[in-house]
Amino acid sequence: MRPAVITLVSALHQADADRVAVLLARRGTRGSTDHRMHVAGSAFTAARAIAARTDQLDRACGPEADHGLVVTLAPGADTRAVGMLLANAARAEHGHDRVLRHAVTVLRADDVAHLLWSDVDDAFVAADRIASLAEYATVIALDRLGPLSGRRRRALVALLHRMAPYASIMALDHLRGPDDLPASNGGAARLLATGAGWMVALSSGADLGRDVDDDLVTMRYREPLPFHPGRLATVIAEDLAAGVSGRVLRSRGFFRLASRPDHVGSWSSFGAMLALDPTANPSWDEDAPIGQALWFVGERLDVRGIERALDSALLTPAELLAGPDVWRSWADPFPVWPALHDHG
């Protein structure tokens, strides 16, 4: 039996996802019939509902039918997790994971540009969702490009190419039906797993931005030592502020604070907003990142200046030898994280 191939459609606003889903469910030149559905809830709940619907379609359409399913995900859904769960289920049932044709993201270009360049510093939820939507997509459709200048439009597209190096980026006006999507063998879930620009950069060091003539600079920062909490707070406030060492547009990775030796922290910035959150990995986990592993992309970044600033926040030899019991006593200006269960 030929299983239905799935296209996921995500957006910050449900109306945008619905609009694109209608276009993609049209009959294309390949003659297939694509059905539509909407899912909400957790990634597991969404994936289970999609799998049940594809099973129903497979039985109804017959073993030789060329058919697909266009799924709109509720705003805030974890596209990456849904895609990977679907691929795992397909591998278990059919012996292969070629079930996800595309993960399509719809972004309002003027809203994204506003968050990136206007120094907004209190829209953390929208910033985090936009970053995830862009980085875990195989197609990014940009709406409302008209209000942007040519220079700002090129900068936005260049940034999206850095964030999602394997994604196709197009103006929404050019998306009229399923034939306008790039060809796919159904293996889009593999790109969602490891294809985000920050993942590629931290694992291989490759800069996969496509336009060498733009003003964007990318850099990696790797150091095994933990950060001193007070000095890191100063670096964030003074050295990473827009205009000091260029303008950081996006940064992502993992970090360690000496004052929180049990935790591995998640570092994520978008525009002027920086979120420092705990990960699910305790520091003693054998797969936990060691020290600092950060990726930055921005306009005219002073790479050496940023490296020197971050170096100044690392523990000195004397501080390192003092040990975790002393580190925990230091003043820590960052928001409190939930306690981890003691190891063992």
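**Notes on the predicted chain**

1. Helix α8 contains the buried residues Gly197, Trp198, Met199, Val200, Ala201 and Leu202, where buried stands for under 20% relative accessible area, exposed for over 50% and partly exposed for values in between, with a 1.4 Å probe and protein chains only. The helix, residues 197–204, is therefore described as mostly covered, with 6 of its 8 residues buried.

2. As to the basis of these remarks, this is a predicted model, in which local features need pLDDT of at least 70 and side-chain atom pairs count only at pLDDT 80 or more, while totals for chains, interfaces and linings use all residues. Residues are numbered from 1 along each chain as its sequence is written, and side-chain values use heavy atoms, with hydrogens and water left out.

3. The chain has 12 helices and 11 strands, these being DSSP runs numbered from the N terminus, with helices (H or I) of at least four residues and strands (E) of at least two. Along the principal axes, the C-alpha atoms fill a box of roughly 70 × 55 × 30 Å.

4. Of the 344 residues in the chain, 52% are buried. Among contacts with a separation of 6 or more, 79% are between residues 24 or more positions apart, a contact being heavy atoms within 4.5 Å. The accessible surface comes to about 15,700 Å², and carbon and sulfur atoms account for 52% of that surface; the areas come from the Shrake-Rupley method with a 1.4 Å probe, and for residues only the protein chains shown count as cover.

5. On charge, the chain carries 36 positive and 42 negative side chains, and the centres of the two sets lie 6 Å apart. Lys and Arg count as positive and Asp and Glu as negative, without His or the chain ends, and each charge is placed at NZ of Lys, CZ of Arg, CG of Asp or CD of Glu.

6. Helix α6 has 14 residues and reaches 20 Å from its first C-alpha to its last, close to the 20 Å expected at 1.5 Å a residue, the expected span being 1.5 Å times one less than the number of residues. Beyond its neighbours within four places in sequence, Val157 is in contact with Leu142 and Ile169, and Ile169, 12 residues apart from Val157 in sequence, is 7.5 Å apart in space, C-alpha to C-alpha.

7. Two non-glycine residues with positive phi deserve a look. Arg144, in the loop between β5 (139–143) and α6, has a phi of about 55° and is partly exposed at 34% relative accessibility. Asp119, in the loop between α4 (109–117) and α5 (124–135), has a phi near 65° and is partly exposed at 43%.

8. Which residues does Thr7 touch, not counting those up to four places away in sequence? They are Leu24, Leu69, Val70, Val71, Arg101, His102 and Val104. Thr7 is found in strand β1 (residues 5–11) and counts as buried because its relative accessible area is 1%.
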